[in-house]
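Hi,

Here is the structure I promised to send over. Please load it first; my notes follow below.

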Amino acid sequence: MQNAAPIAIVGAGIAGLTMALCLARQGFNTDIFEQAETLEEVGAGLQLSPNASRILIELGLLEALRAVWSEPDTIALADGRSLRTLARVPAGADARNRWAAPYGVLHRASLQRILLHAVQSEPRCRLHLGSRIEGDPVPAVMAATGRRPSVTIGADGIRSQVRATLPQGGAVRFTGDVAWRLMVPRACAANCLSDDRVTAFLGANAHLVVYPIRETDSFNLIAIIGGRPANETWVGQNSEERRRELAAAFRHWNAGLRSMLDSAASATYWPLCTVGKGPWHNGRDIVLIGDAAHAMTPFAAQGAAMAIEDAQELARCLKRCDDVAAALRQYEAARRPRIARVRKRGAFNRFAYHAGGPIQVVRNAVLALRGPETLAADLDWLYGYGAPGR
């Protein structure tokens, strides 16, 4: 795609901003359209595994990330009642050595801010805030810029307006699980929490992921339980009824963890949804990335990582192909097997994390037989993606 017209990106979240930077590195100009007047990331913590951090580092963002993130020494699984460690994967220096990139945890807003600053500093990127793209995105972009984009990229999330314009686009489906985001100040945190680890506490039909957020001097908690969807509300605010559901799901857990969940002042919940089968592009000039194409559950902590990988792969395909349609086909062919494998891993994790009764006993016995090195090797295909020599 030499001397192509600017590329339009719909959505200025993590997916859209990363997409713009990846395209700029390949020599493309972009117009990024965001309906919000200001960019304010919803959510709390975010895990950046090495397959994602590697790409951000290639974009020149390492120093900015180092200023705000933490690199845990360990990723651990623990019993939600006894707090006994069931398994652990070395991270920290081990992650850098094994997967050639760090494993970091930070606030989502921090990553958004870093990406936004990089986009605003990049001459090839033009950000249009307060610009809602509805219906067929191509004429809408033409009306805003006065020219037809060479490609239009839908990076507008699980409720994607761009996806809705594709024939037989994938439908949003509620999975039956609800996730809670909570932030707990360090002074109020349970004694079992540690600054140097990401811990997934496991229990029957529920699990709790905890890790430190350096900037806010707090711990990020994500509690996932079975539950009802929040109607059409993507992020639901705290309510007494919902808090009772949360408390009931953890009623048999360790007292310190229960107390921390009960006392958390700020909490939001959201239904976990996926996007079903459907096309990722129209065969000509419209394509989807990230949640717009393949929203997945967070059981492998790879939602943002997959969007970041998508951005790099699509930019490369557009660079090496003279024909846009061929580039879109190459992108989809490269990404679909990867996404399917990550989804499969997430489904397995969901089964293992929420196991109860005899299955839980078997799970614990199997984990006891697998050492840190073996567990790390199981993740080479995921975290080592894109590393030199892989």
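Helices here are DSSP runs of H or I, at least four residues long, numbered from the N terminus. By that count, leucine 17 lies in helix 1 (residues 14-25). Keep in mind that this is a predicted model.

Is leucine 17 buried or exposed? Its relative accessible area is 0%; buried means under 20%, so leucine 17 is buried. Leaving aside residues up to four places away in sequence, leucine 17 touches Ala12, Leu39, Gln112, Leu115, Leu116 and Val119. Aspartate 156 is 139 residues from leucine 17 in sequence, yet their C-alpha atoms are 11 Å apart in space.

Next, helix 2 (residues 50-58). It is mostly covered, with 7 of its 9 residues buried. Those are Pro50, Asn51, Ala52, Ser53, Arg54, Ile55 and Leu56. Glycine 60 follows helix 2 and has a positive phi, near 85°.

Now helix 11 (residues 324-353). Its 30 residues should span 44 Å at 1.5 Å a residue; the end C-alpha atoms are 42 Å apart, which agrees. Helix 11 does have a kink of about 25° at arginine 335, shortly before proline 337.

Helix 10 (residues 303-320) packs against helix 11 at about 155°, with the axes 8 Å apart. The crossing is right-handed. On the helix 10 side, the contact includes Met306, Glu309, Glu313 and Cys317.

Best wishes

Technical notes. Residues numbered from 1 in each chain as written. Predicted model: local features only at pLDDT ≥ 70, side-chain atom pairs only at ≥ 80, totals over all residues. Heavy atoms only, no water. Buried < 20%, exposed > 50% of the residue type's maximum accessible area, 1.4 Å probe, protein only. Helix = DSSP H or I, 4+ residues; strand = E, 2+ residues; numbered from the N terminus. Expected span 1.5 Å × (residues − 1). Bend = angle between axes of the 7 residues up to and from the residue. Axes fitted to C-alpha atoms, helices over the stretch in contact; angles between N-to-C directions. Left-handed = near helix turned anticlockwise from the far one by under 90°. Contact = heavy atoms within 4.5 Å.
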